[in-house]
Amino acid sequence: MKKNSRRRFGKWRQEASAWLIMLPGIILFAFFLWAPLLQSVRMSLYQTKNIELTNFIGFDNYISVFKKSDFLQALRNTFSYTLWSLLIGFLIPIFMALAIGETVRGKGFIRTASYIPNILPGLAAVLLWSAFFSAEKSGVINILLAKLGIDRMAFLSQEHMVIPIIVLIATWKGAGATALIYMAGLAGVNPELYEAATIDGAGIWKRIRHITLPAIFNLGSTLLILQIISIFQIMYEPMVLTKGGPDNASLSLMLLMWRYAFGGRMEFGKAAAMGVIISLILLVFTGLYTIVNRRKTEWE
Amino acid sequence: MKRHIRFLAVAAALCMLLTACNGGETPAGGTETDGGGNSSLPSAAPPAELDNISGDVVDAGLTCTLTLGNVPPDLAPAAEKALFEGYIAAMNKQYPNVTVVPAYYSYTLSSYVGMARGGTAPNIFQPPFTDPQLLISQELVADVTGALQSIDLLDKFSPSFIELLGSEGRIYGLPRDGYVLGLHLNLNLFEEAGLMTEDGLPMYPKTLQELAEVGRTIREKTGKAGLVFPASETYGGWLFTNIAWNFGATGEYALERVDEDGRWICDLTSEPVVAALEYVKSLRWEYDILNADATTTDWAGAHSALGTGEAAMNFAADDSVAEPTAGKGLAVDKFALAPFPSGPKGSYSLSGGTCFMFSPDTTHDQAVAALGFLKIIGMLPFMDDDVIAGMRAGAAAKRERGAPVLPPIPAWNDEDFIAKQREIAEEYTNVDMRLYDDFFHNILIKAEEPVFAQQLYRELTSAVQRVITREDADVLRALERAQEAFQEYLDDEMNS
């Protein structure tokens, strides 16, 4: 009996110290993540007066948000951002990592240079690119086009061009950092594999296909889901560059959420509902990723 | 290790170099910074007119801290900064126990909500006339009825301002000044295009049709945009509203009205509105007079385009004449303000204004102190020496920094006060009033649409953007979408 209680006390003491170690983290998570998250879900079910909750209205905020035509447009646009991001933003960091990995001279310099856009403040990067894409004579790209005898173009006024341009800017800013992560993954590949493949006569493409890509597959799928989550929350780029225009062609779900709260409506309940909807969509993506990842592990 | 030390040394040297550069520079406007980056007093002295403000103590018992929004920041023109420092010095004399804290805050709805809720909004701030009712309904402003009563200001409120700034018999703000939309002109481009009379006056467009033609002439002769049209966010809809009125979207075709069932409805697909949007579309695709970046140009960008000579005309109001001139370097004598061009069915000019409101945590004492400050800067409709000196100082500082000194669009109905404002503007004038005469004498003012004007402007901006970015855009369809979206909004907010 005495032995049992001593064992229980010992176990408790062990657990208590574990809890104590975790406590600061739990407090920070609870305060900065879980509480606002739950508060946001709660707010989405209420009518609001500025940020105060007034009446419980159930799912009315959700219904109202779904009914509005700008929601569908923003949803479509956000998927379009995601698609373009996968086309442009997913592959570029992999190419960069592979190219830098194969570089013999000036590797350190290229690695640093590719990371520099990432340390630029986001708004500064967007403003910088707005000068490039300006339709006025001072627009850098238009100056280059003029040298080639091509007429000026209003890039940011073209509905079909505006999302790819925004994704290009986001990629320019973030690709270097993602490439570094891929490079870290590539550093873990046993060099003997490459040597053996080279001895067997494998060229660069075969080495990439049969050694490099399988080595970074898991990392790539994790970064893919993170990229989708990140691009789904795109907001300040369209907000600064196009204000969601032209004709809402670059309006994202997050920007619509901002408009509900701060764009002249002060409908914080509906903004919270938008936030919950975005989270649910992302939860679906994360779930899909988990299933795919689990199956892949099982096959292996 | 050595490499790291070398890297750190280079980084430190760069930082020191940059800091040293900063310390030695004198920013435009004459302010200077010391080696530590702190701003010192501006090089301009406060206007001598401020000496006429009484130095006698008005209320020694009033003890509070007053945070003032819209105080010019460190990099503002020296004359403007000196003026405010003079005003604050006068305030310190008259209310020795009121601590005035400058906040440099310029109101936007998106920034204000968080600040008001977090208790960091300045006690006085200046929203446009489109926002007071929203702020009142959201309980984001203080009730200042008592403070207004204490200086007998309530009697001077016209019923329209009580409606605009009040709710259920309580008052939450006071008007600052009005504005009327017109046409800003860059006379350098008018001269280059040969559009000046022998008397040196611009042959400005009096109708919207003439606007298209004059704009085309300017484009052909100078290569610059005839008209800068800020069509981003809500600006495009704001300007389009005036165009639509002048095409006949008033009365039975009003953009907003109450139907026989008492329901708020919008009518954005009527014949006049369609014609107005067709007209805007033609400015891009037929006359090609708009600036290339219209959909990303905002209010400030439009003033910049006119001031720097990238565009010859801009739909803008009399309260922003300082932007292209003092702000962007267009000489005062190369700037003119014409009335908003008339259309086939009307000659209206949209009018609005700016008011003073108070953060929700403002106490009665702070509101009384704030009104004391507004009196010193000449914004209250009283005819005492302090108010007049404050108005004179304001006009002198405006002239000093190269902004046109014009008679204001009055916010108060007090005739003596209005006459005094005009007299002072005349005394300090730095412009050829022939360049402004038509604006001040030949306009028909019309107030903004009555409910949720900003939301209406946002939907109309989308329609405008559609037709100026797609040559094949269906004008009616664009307006139907705006109609649908705004009616949904009205149903949610007004009819449910």
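In this predicted model, helices α7(A) and α9(A) are oblique to each other, because an angle between 115 and 145 degrees is neither roughly perpendicular nor roughly antiparallel. The numbers are as follows: α7 of chain A, residues 159–187, packs on α9 of chain A, residues 204–232, at about 135°, and the axes are 9 Å apart. The crossing is right-handed.

Who makes that contact? From α7(A) come Thr178(A), Ile181(A), Tyr182(A), Gly185(A) and Leu186(A). From α9(A) come Thr212(A), Ala215(A), Ile216(A), Leu219(A) and Leu223(A). By class that is seven nonpolar residues, three polar and no charged.

Staying in chain A, take α11, residues 253–262. Eight of its 10 residues are buried, so the helix is largely enclosed by the rest of the structure. The buried set is Leu253(A), Met254(A), Leu255(A), Leu256(A), Met257(A), Arg259(A), Tyr260(A) and Ala261(A). Note that the list includes an arginine, Arg259(A). After α11(A) comes Gly264(A), with a positive phi near 110°.

Now a helix pair in chain B. The axes of α2(B), residues 78–94, and α13(B), residues 364–376, come within 10 Å and cross at roughly 130°. That makes α2(B) oblique to α13(B), and their crossing is right-handed. On the α2(B) side the contact uses Tyr87(B), Ala90(B), Met91(B) and Gln94(B); on the α13(B) side, Gly372(B), Phe373(B) and Ile376(B). The classes here are five nonpolar, two polar and no charged.

Next, the cores. Which residues touch the most other members of the largest nonpolar core? That core has 191 residues, and the answer is Leu185(B), Leu227(B), Ala276(B) and Val280(B). Take Leu185(B) as an example. Setting aside neighbours within four places in sequence, Leu185(B) contacts Phe190(B), Pro202(B), Tyr204(B), Ala312(B), Met313(B), Phe335(B), Ala336(B) and Ala338(B). Another core, of eight residues, lies apart from the largest one; among its members are Ile94(A), Met96(A), Ala175(A) and Tyr182(A). Tyr182(A) was also named in the contact of α7(A) with α9(A).

Last, the interface. In it, 27 residues of chain B are in contact with 28 residues of chain A. On the chain B side, the elements giving two or more residues are α3 (109–118), α17 (453–469) and α18 (475–493). The largest share, seven residues, comes from α17(B). What is the make-up of that side by class? There are six nonpolar, 10 polar and 11 charged residues.

Conventions:
Residues are numbered from 1 along each chain as its sequence is written. Chains are lettered from A and ligands numbered from 1 in the order in which they are written. This is a predicted model: local features need pLDDT of at least 70, side-chain atom pairs count only at pLDDT 80 or more; totals for chains, interfaces and linings use all residues. Two residues are in contact if their C-beta atoms, placed from the backbone, lie within 7 Å. Helices (H or I, at least four residues) and strands (E, at least two) are DSSP runs, numbered from the N terminus. Ala, Val, Leu, Ile, Met, Phe, Trp, Tyr, Cys and Pro count as nonpolar, Asp, Glu, Lys and Arg as charged, and the others, Gly among them, as polar. A residue is buried if 20 or more other C-beta atoms lie within 10 Å of its own, exposed if 12 or fewer, and partly exposed in between; C-beta atoms are placed from the backbone. Axes are lines fitted to C-alpha atoms, for helices over the stretch in contact, and angles run from 0 to 180 degrees between N-to-C directions. Angles under 35 degrees count as roughly parallel, over 145 as roughly antiparallel, 65 to 115 as roughly perpendicular and the rest as oblique. A crossing is left-handed if the near helix is turned anticlockwise from the far one by less than a right angle, and right-handed if clockwise. A nonpolar core is a set of buried Ala, Val, Leu, Ile, Met, Phe, Trp, Tyr and Cys residues joined through C-beta atoms within 7 Å.
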